[in-house]
Amino acid sequence: MQEKYVNCKIVVLHIENIPLPKGYEKIPVLYNISPAEIQGFLETNITETNAEKIHILEWRHSLNYYREKYVNILSQVVDYIKRLDAGARTTSVFGKRWVRNFFRNLNNVNKSLLYRQADVPVIITGSGPGLEQALPVIKEVQDTCLIIAASSSVMALSNSGVKADIVISTDGGNWALHHLYHSKSGIPALAVNLCAALPSQYADTPLLLMNDGSFWQSIILHELELPSVLIPQKGTVTASAVELAMLLSKNNVYLAGLDFSFNDIRTHVKPYSFDNILFGKSSRFTPFYNECYTRSSLISHGGSMDIYSTWFKTQLDSWPKKIFSINESSLFQTGSPLDIKNRKKKDLCFKTISVNGDTNIFCKRGVSVLLDALTKNEFSDNLKNELLPLLGQELENEIKKMAKGFI
């Protein structure tokens, strides 16, 4: 079949373990499907960035026989395509900015953070309105738990006297800088993907680098001998934070401020870094609450909350049963770190080291190794598949252009 449709990538989802006919030998097939398996299978086998080119071919008679099983599989596939489409739209807008951020940030990596897996409770804080209710609990246990904070939540933590151990940032947009500008004095370490927007003021902050698994990033990080952890991009910083938490600790993980909902027109915890922007835009004719309403409407109609809420529901089946929510949650089982006895101290989990080599030429070396890899047959196809959606057709010129000014 694949030989007949050479320009198409075909994958098959089959509810039962029934041998397929001849012609399917080289086609990826998944049998006896569970929701978690579907997402992983599709992520591995379907990387087409244009969701409009993906077609679902159904055998509708299966609906009459399998009924609910069939509907569940179909809904999982549709959810994946929606998430892929959301990612593709983001990539088309921010692809060049991500690559530019990567090269700029290379020259600001002066200290790396190494870790050993501990047995300590982990608290992850997002910036949803529900974080406010959890702050008293977090403040009480902060000396005995490892706190991983999304950068957007650090202002609220600091305002309540809570200091995060690691701040995680994955957003490549310039607006993400506002979260870090307001938090310079309260961040002992950063967990980042180098494609994120990072202020140069953080050049002396220890960085726990997160490699998203892309071939082009791996080649450069390997060349520069920069230690990193493998955490694929999921489109939301809280998903990356959960993956990081399970690498850093074998103990329970507690979530706060991961709401996937609004509190009336309030989209985020108070105080919040963007409040200053909204205050600055407000006037007698467009009051602050009008700006809040407009922002909440835009976020609601964007659909991103529903996409990632659905993703979390599916992902929970594949994660260990040790993830709880400090707040009441429709997704996660409710739990409290106050219930844990004999908690261990969080120190001695990390070690800061200076990076090897002259960081002033890291960008130049990174560009050089990437351009060299593009000319080698064994690397070229993989690199082009990854970089073309980000940079367009003129890869070599765009790479040089992205790095211009940082070399």
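Strand β7 (residues 190–192) pairs with β8 in the parallel sense over three bridges, where strands are DSSP E runs of at least two residues, helices are H or I runs of at least four, both numbered from the N terminus, and pairing requires at least two DSSP bridges. This is a predicted model, in which local features need pLDDT of at least 70 and side-chain atom pairs count only at pLDDT 80 or more, while totals for chains, interfaces and linings use all residues. Residues are numbered from 1 along each chain as its sequence is written, and side-chain values use heavy atoms, with hydrogens and water left out.

Leu-207 of β8 is the bridge partner of Leu-190. Strand β8 also runs parallel to strand β9 (residues 228–230), again over three bridges, with Ser-228 in β9 as the bridge partner of Leu-209. Between β8 and β9 the chain passes through helix α7 (residues 215–223) in a right-handed β-α-β crossover (clockwise from the first strand over the helix to the second, with the strands pointing away from the viewer).

Five of the five residues of β8 (residues 207–211) are buried, so the strand is largely enclosed by the rest of the structure; buried means under 20% relative accessible area with a 1.4 Å probe, protein chains only. Leu-207, Leu-209 and Asn-211 point one way, and Leu-208 and Met-210 the other.

Definitions and conventions
Buried means under 20% relative accessible area, exposed over 50%, partly exposed in between (1.4 Å probe, protein chains only).
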